[in-house]
Amino acid sequence: MKVAFRELHRLLNELDTLHETFSTYREDLNSAHPVGLLYLARSVVHDLAEAPLDVRTEILIHTDAARNYSVQNLAELFADGFEVPLISPAGTDRLVDGEMPIVLGVPAFDPYNAFLAPILAHEVAHLATDISLLALLEEQLGQVPSTALLSDEVDSRGVRSANARLWRWLEEILCDSLAAWATGPSWLFALAAFLPVPSSAADEHHPSANVRTAWAWRALKRWGWEDFMRAKFPEFVEFVSGIALEDAPDDDSPLNDRLWKSFDAVMKVVESSEAPRLDPTEYEATEKQHGLQVSFERSYMPPGLAADPPGAWTLLLAAWVACAENSGIEYVARTVANQPYNQFLIKSFELSGIARIWRTLP
Ligand SMILES: [Zn+2]
C-alpha cells in the first residue's frame, strides 16, 4: 500500500503540472481568430520550424498581455516535466511522434498586428536553433565555444562568462538572420519598429539594437536586396548604413567583434537550412504579376484570389512598401500603427490562404 501511495503522490505532481499548462491555454481552444491571422501563423511556423526541422506541427494561438511575441514547444515542456523522450524511438529521425504542439504567443493588446509578424518569425526560429541549427553553427565555427571562441585576455570578468554570453548572442543573431532570410526587408522594418535604434542596449541574451539592425542590413545586402532597398527606401538605407557600432560600452566591444567575425558562419547555417527564402527577383516578379503595389496602395480589393496566390511574406513586403509615404525611418513607426492597412493585409492573407487550399483540392 505504501508503494501505491507513493506512486499516486508522484502522479498528483504530474497532474498539477498538466493542469497548470492546460488551464493556461484552455481559453485559447475556444477563441476565434481571423482566418488571415491563422494563415500568417501557419506560414511563420511552416517556414521557420516545419521546413528546417522536417516536422509537422499543431498550432495554438495564445493571446497574452504579459508575454510578448513568444513560442512554446509543448513537446519539449512535457519532455522536461514528464521525462518523455523528445526524440522518437529508434529507427525514425523524427523529433516527435506525430505533430509537434506549438503555442504562439501574440500580444493581446494587438492580436492582429500583421506588420510585426517577422518578430514572431524570429521567435519561431528559436525552435529550429534549439533543436538543430545551433549545433550546425558550432560545427561551422569549427570550435567548441566555451574553450575557443574567445581568448583569455578578452574579458576581465572571466572568459567563461564572456563565452556563455557570446553564445547566447549568437543564438539570437542566428534567429534574426533566419527571420531576415524568410521575410526579407520586412524583418528590418519590423525590427526598426520593435527595437528602435539606439534605445535597446545589449543585455545578457541580446546584442544591442544597433548591432542587430546593422547585422540585418548586411545579411539583406548579401541576399540581393540592396538595389531594391536603395530604389524604394533611400533615406532608410542611409539611416541603417550609418548606424554607429562603436558606441557600445567597452565591455561589449570584444563580444561584438567576435560576433561580426562569425557573420559568414551564421550566414552559411541559414543558407544551408531548409527554411524557404524570400528572393528579391521572385518577389519583384510576383509583385508585378499580381499588381500588388496597386492593390495595397488603393486598398480596393485585397490581392490573393488569383491563380498561384502570393505567399504571406510577399504580401507583407508589398504592404510595407505601399505604406511608405516617404522612405525615412519615421515611416516604419507610422506603418506599424496603421490599423486599416493592417486589417486589409490580414484580409489579403485570408484570401491568399483560402485560394491556396482551394487550388490544391481535387
Ligand atoms: Zn530571441
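Student: What does Val103 touch, not counting residues up to four places away in sequence?
Tutor: Val103 touches Tyr25, Leu60, His62, Gln72 and Leu74. Two residues count as in contact if their C-beta atoms, placed from the backbone, lie within 7 Å.

Student: Before we go on, what kind of model is this?
Tutor: This is a predicted model: local features need pLDDT of at least 70, side-chain atom pairs count only at pLDDT 80 or more, and totals for chains, interfaces and linings use all residues. Residues are numbered from 1 along each chain as its sequence is written.

Student: OK, what's the average pLDDT of the protein chain?
Tutor: The average is 81, and 81% of the residues score at least 70. pLDDT is the predictor's confidence in each residue, from 0 to 100.

Student: Where is confidence lowest, and where is it highest?
Tutor: Lowest in helix H5 (residues 145–148), with a mean of 47, and highest in helix H8 (residues 209–222), at 95. Helices (H or I, at least four residues) and strands (E, at least two) are DSSP runs, numbered from the N terminus.

Student: How many helices and strands are there in the protein chain?
Tutor: You get 17 helices and 3 strands.

Student: Back to Val103. Which strand is Val103 in, and is Val103 buried or exposed?
Tutor: Val103 lies in strand S3 (residues 100–107). Val103 has 20 other C-beta atoms within 10 Å, so Val103 is buried. The cut-offs: buried means 20 or more other C-beta atoms within 10 Å of a residue's own, exposed means 12 or fewer, partly exposed is in between, and C-beta atoms are placed from the backbone.

Student: What share of the protein chain counts as buried?
Tutor: 40% of the 362 residues.

Student: Which residues touch the most other members of the largest nonpolar core?
Tutor: Leu48, Val124, Leu178, Leu316 and Ala319, out of 91 residues in that core. Helix H6 (residues 159–183) supplies the largest share of this core, 11 residues. A nonpolar core here is a set of buried Ala, Val, Leu, Ile, Met, Phe, Trp, Tyr and Cys residues joined through C-beta atoms within 7 Å.

Student: And what is Leu178 in contact with, leaving aside neighbours within four places in sequence?
Tutor: Leu48, Ala125, Val270 and Ala275.

Student: New topic: at what angle do the axes of H7 and H15 cross?
Tutor: Roughly 55°, with the axes of H7 (residues 185–194) and H15 (residues 312–322) coming within 9 Å. So H7 is oblique to H15. Pro185, Ser186 and Phe189 of H7 make the contact with Trp313, Leu316, Leu317 and Trp320 of H15. Axes are lines fitted to C-alpha atoms, for helices over the stretch in contact, and angles run from 0 to 180 degrees between N-to-C directions. Under 35 degrees counts as roughly parallel, over 145 as roughly antiparallel, 65 to 115 as roughly perpendicular and the rest as oblique.

Student: How do H2 and H17 pack?
Tutor: At an angle of about 70°, with their axes 7 Å apart. That means H2 is roughly perpendicular to H17. The residues in contact include Val35 and Tyr39 of H2 and Ile346 and Phe349 of H17.

Student: What about the loop between H2 and S1: which phi does Asp54 have?
Tutor: Asp54 sits in that loop, and its phi is near 55°, a positive value in a residue other than glycine. Most residues other than glycine have a negative phi. With 11 other C-beta atoms within 10 Å, Asp54 is exposed.

Student: Last one: is Thr335 buried or exposed?
Tutor: Thr335, in helix H16 (residues 330–336), is buried because there are 21 C-beta neighbours inside 10 Å. Thr335 touches Phe115, Trp320 and Cys323, not counting residues up to four places away in sequence.
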